[in-house]
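Trainee: I am new to this model and would like to learn how to read a ligand site. Could we go through it step by step?

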Amino acid sequence: MDNCIFCKIAKGEIPAKTVYEDAHVMAFHDIAPKADTHILVIPKTHITNLMTVGERDWPVLTHLMNKVNHIAAAQGLEGFRLISNNGTKGSQEVMHMHWHVLGGDQLPGF
Ligand code: AMP
């Protein structure tokens, strides 16, 4: 999608500190980390958020959820917090679905 920063990262048009990538999913360090480890996991296709998700998106989302624990483990995490902000009333700033993988001590509360 035009002017979507995470679509541009997925296409390699904007640099990111990538920690995992395959045909459907990408994971990279958050530019403003809120924890010792703060990774964003995104589908490469543009899905806005869980408010708009449809049946067509289930395969990629299943794939994404299947990868999250491997991505966390590869960062040396023994556990992690997974956060998804959805919609402007749900604190979502970037309107391309992403899952925050947070790890380390002193995790931000909710
Ligand atoms: P959210 O409020 O869930 O939409 O959070 C968006 C997150 O994306 C924030 O934690 C930002 O720090 C992060 N972010 C924004 N732009 C970039 C970027 N170019 N590379 C990595 N992370 C980013």
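Mentor: Start with the residue classes: Asp, Glu, Lys and Arg count as charged, Ala, Val, Leu, Ile, Met, Phe, Trp, Tyr, Cys and Pro as nonpolar, and the others, Gly among them, as polar. This is a predicted model. The shell around its ligand holds eight nonpolar, six polar and three charged residues.

Trainee: How many residues surround the ligand, and which are the closest?

Mentor: The ligand is surrounded by 17 residues, with D30, K34, E93, H98 and H100 the closest. Helix 1 (5-10) and strand 2 (25-29) each give at least two residues to this shell. The largest share, three residues, is from helix 1.

Trainee: Which polar backbone atoms lie 2.7 Å or 2.8 Å from an oxygen atom of the ligand?

Mentor: A polar contact is a pair of N or O atoms within 3.5 Å. A polar backbone atom of E93 is 2.7 Å from a ligand oxygen, and one of S91 is 2.8 Å from a ligand oxygen. For I31, a backbone N or O atom lies 3.1 Å from a ligand nitrogen. The ligand taken alone exposes 510 Å², and the protein buries 88% of that.

Trainee: Where does the ligand sit?

Mentor: The ligand is in the largest pocket, which has a volume of about 570 Å³. Its lining counts 27 residues, and D30, I31, K34, L40 and H100 lie nearest the pocket centre. Helix 1, strand 2, strand 3 (37-43) and strand 5 (99-103) each give two or more residues to the lining. Helix 1 gives the most, three residues.

Trainee: What classes make up the lining of the largest pocket?

Mentor: The lining has 15 nonpolar, eight polar and four charged residues.

Definitions and conventions: Residues numbered from 1 in each chain as written. Predicted model: local features only at pLDDT ≥ 70, side-chain atom pairs only at ≥ 80, totals over all residues. Heavy atoms only, no water. Near = heavy atom within 4 Å. Polar contact = N/O pair within 3.5 Å; in protein donor to acceptor, adjacent residues only side chain to side chain. Areas by Shrake-Rupley, 256 points an atom, 1.4 Å probe, with all protein chains shown as cover. 1 Å grid on protein atoms, 1.4 Å probe; cavity = no way out; pocket = protein on both sides within 12 Å on 5 of 7 lines; lining within 4 Å. Sits in = over half its atoms within 2 Å of the grid points. Helix = DSSP H or I, 4+ residues; strand = E, 2+ residues; numbered from the N terminus. Points joined across faces, edges and corners; volume = space filled by probe spheres on them.
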